[in-house]
Amino acid sequence: MKEVTLNNGVKMPQLGYGVYQVEPAEAKRCVSDALAVGYRMVDTAQAYANEEGVGQAVKESGIPRSEVFIVSKIWISNFGYERAKQSIDDSLKSLQTEYIDLMLLHQPFCDYYGAYRALEEAYREGKLRAIGVSNFQPNHFIDLASNVEIVPAVNQVETHVFCQQRRAQQYMNEFGTLTMSWGPLAEGRNGFFTNAELIAIGQNHNKSAAQVALRYLTQRDVIIIPKSVNRDRMEQNFNIYDFELTSEEMVRIEALDLGKSLFFDHNDPETVKMFMGWR
């Protein structure tokens, strides 16, 4: 399993398992399957309401806690210093762990500066091994990163072959912040799984379109958390390090970039409002 090194020296698996939209009752089973397949990083969030299932699966897996990297996120209803501080303790309890490996702010709304101060404090106390943000567009990210004591280790944003975030990644790299992808398979949108270019490249390596797309992101040093509730698909998503895309193939995939989200319009107040209660 390839690891990346965060800006504070903490090592993190580049490939993890995401539990967005996994029902709370199913989370334990899904995470248990993922851990059995070989995943050693799990991404959850307060808003997903499945931290407890994730924690149970990790605890009962028999795998040492130090070998499983847990990521969670503070939801906007818990923003502000005091609420965020309490929510970190609540997440620790739900996850049945003494520390969370990486804690993110879920959205760039409300009092995220106060919430970030709570992250910094919890980091210094050893409750969090690393801290970062999620869904921060370049303007939000640069503003925050320029005005806090601990620069975010990660920014988790929509990143896939149709929305590649190359410019945003350049900005984050300047701060030593890594890009983490949510939706690396684009949830199948825009004909993702039947894309002719991805299929053709996959035939060169005896791999699926999905595996090619995931490998593309990892070769761009993006952290990924593909999600599936099917164990066979979990295994396919996990087996992407036994081949390498050529420079020419990377250029072909780069050309698939539409330069925009497949999920919402950042400039439309109504879709932003919807997004606040969704991702």
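Is the crossing of H7 and H10 left-handed or right-handed? In this predicted model, the crossing of these two helices is left-handed. Helix H7 spans residues 196–205, and helix H10 spans residues 247–254. The two pack at an angle of about 160 degrees. Their axes lie 10 Å apart. Angles over 145 degrees count as roughly antiparallel, and H7 and H10 are therefore roughly antiparallel to each other.

The contact draws on both helices. H7 contributes Glu197, Leu198, Ala200, Ile201, Asn204 and His205. These residues meet Glu249, Arg252 and Ile253 in H10. By class, the contact of H7 with H10 holds four nonpolar, two polar and three charged residues.

An open sheet of eight strands is also present. Its order is S3-S4-S5-S6-S7-S8-S9-S10, and the pairing is parallel. Strand S3 (17–18) and strand S10 (223–224) form the edges, each pairing on one side only. S3 runs parallel to strand S4 (residues 41–43), and two bridges join them. Gly18 has Asp43 in S4 as its bridge partner. Helix H4 (residues 112–124) packs on the sheet. H4 touches strand S5 (69–74), strand S6 (102–105) and strand S7 (131–134). The direction of H4 makes about 150 degrees with that of S7.

An unreviewed UniProt entry places the feature "domain: NADP-dependent oxidoreductase" at residues 19–257.

Terms used:
Residues are numbered from 1 along each chain as its sequence is written. This is a predicted model: local features need pLDDT of at least 70, side-chain atom pairs count only at pLDDT 80 or more; totals for chains, interfaces and linings use all residues. Side-chain values use heavy atoms; hydrogens and water are left out. Axes are lines fitted to C-alpha atoms, for helices over the stretch in contact, and angles run from 0 to 180 degrees between N-to-C directions. Helices (H or I, at least four residues) and strands (E, at least two) are DSSP runs, numbered from the N terminus. Angles under 35 degrees count as roughly parallel, over 145 as roughly antiparallel, 65 to 115 as roughly perpendicular and the rest as oblique. A crossing is left-handed if the near helix is turned anticlockwise from the far one by less than a right angle, and right-handed if clockwise. Contact means heavy atoms within 4.5 Å. Ala, Val, Leu, Ile, Met, Phe, Trp, Tyr, Cys and Pro count as nonpolar, Asp, Glu, Lys and Arg as charged, and the others, Gly among them, as polar. UniProt positions are given in the numbering used here, feature names are shortened, and annotations may be inferred rather than shown by experiment. Two strands pair if DSSP finds at least two bridges between them.
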